[in-house]
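The following questions and answers examine how parts of one protein model are arranged. Please consult the sequence and the structure while reading.

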Amino acid sequence: MHNNLIILAGGMSSRMKKPSSLNHIGKEEVQQANNRSKSLISVGNSGRPLMDYLLYNAKKAGYKNIYIVINEKGQMFKDFYGDKNSNNVFKDLNISFPIQYIPKERTKPFGTADALYQTLEQYPNLKKEQFTVCNSDNLYSEKAFYLIRNTNNKNAFISYDRDTLDFNQKKVFSFAIMNLDADNYLKDIIEKPDISIANNYKDDEGKIRVSMNIFKMDGETIFPYLKNCPVNIIRNEKELPTVVLNCVADHPKSFLGIPLSEHVPDLTAKDDISILKKHIETHYPKKLIW
């Protein structure tokens, strides 16, 4: 069991800034989508942002120390959750803000592995502790947070049943598939396989499993792989799945897949805003009881 949650929120949200295909996106929603980090877009019944609901579920699952990784222009996060760099108190959570600095030769952040590496460099206590790391634009449930927080395995991930993800088929089929052994330990990650190939990777329950980028990691184990993460030659970024696979190559049975069958709402593009608002209206009280 561990108390540390790292939320990756330093990206540029480029897909969110593209025009919506729907006519009912309001001017305020468009303005926020174009100018805010995705997790700060208002989606709640009381106008609060997505990040509130992520933190709410994390707190209910038992997390205490929250590290929200922002970029150098991330002041708005501090406007919402505390103006200090570290140890802000928000709803009894301890919130700190690691910064993902962009290298001088780049115009965009260097990827999720770089974000986590910079976090551990800025908060070296995490190099000796266990933590969960996740995206800021996916609304992971309390159950997902609870399962990954309470696993005894040093390194793990939530292994989602692809059939329960309520996205359009094109999006679902774009997710990488997790190749697991008989004990649910990760062997490989298969990127964007076609249907015939995907069917070869069903688990013992007959399910195709995907990752929605929520991992538990042991700082001491994973830090060398973060430090030495190679750049993906196609996307020109350092990515967490690469870190995970390099660790698995050296330490088989190091990353346990924790099976879970449920949807994970996300906020990738403007069209997702109304979908997420409906989800929150249906599944959360108008005012969160922290």
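**Helix α4 and its surroundings**

Q: How are helices α4 and α8 oriented to each other in this predicted model?
A: The axes of α4 (residues 112-122) and α8 (residues 219-227) come within 9 Å and cross at roughly 120 degrees. Angles of 65 to 115 degrees count as roughly perpendicular, and only those over 145 as roughly antiparallel. The two helices are therefore oblique.

Q: Into which classes do the residues of the contact of α4 with α8 divide?
A: From α4, the residues Ala-113, Leu-116, Tyr-117, Leu-120 and Glu-121 take part, and they meet Phe-223, Leu-226 and Lys-227 of α8. These residues divide into six nonpolar, no polar and two charged.

Q: Against which elements do the buried residues of α4 pack?
A: The buried residues of α4 are Ala-113, Asp-114, Ala-115, Leu-116, Gln-118, Thr-119 and Leu-120. They pack against β1, β2, β5, β9, α8 and α9.

Q: Are the residues of β1 that point either way buried or exposed?
A: In a regular strand the side chains alternate between the two faces of the sheet. In β1, Asn-4, Ile-6 and Leu-8 point one way, while Leu-5 and Ile-7 point the other way. On both sides, these residues are buried.

Q: Which residue of β5 stands opposite Leu-5?
A: β1 runs parallel to β5, and four bridges join them. β1 also pairs with β2 in the parallel sense, over five bridges, and there Asn-4 has Asn-65 as its bridge partner. In β5, the residue opposite Leu-5 is Thr-132.

Key:
Residues are numbered from 1 along each chain as its sequence is written. This is a predicted model: local features need pLDDT of at least 70, side-chain atom pairs count only at pLDDT 80 or more; totals for chains, interfaces and linings use all residues. Side-chain values use heavy atoms; hydrogens and water are left out. Axes are lines fitted to C-alpha atoms, for helices over the stretch in contact, and angles run from 0 to 180 degrees between N-to-C directions. Angles under 35 degrees count as roughly parallel, over 145 as roughly antiparallel, 65 to 115 as roughly perpendicular and the rest as oblique. Contact means heavy atoms within 4.5 Å. Ala, Val, Leu, Ile, Met, Phe, Trp, Tyr, Cys and Pro count as nonpolar, Asp, Glu, Lys and Arg as charged, and the others, Gly among them, as polar. Buried means under 20% relative accessible area, exposed over 50%, partly exposed in between (1.4 Å probe, protein chains only). Two strands pair if DSSP finds at least two bridges between them.
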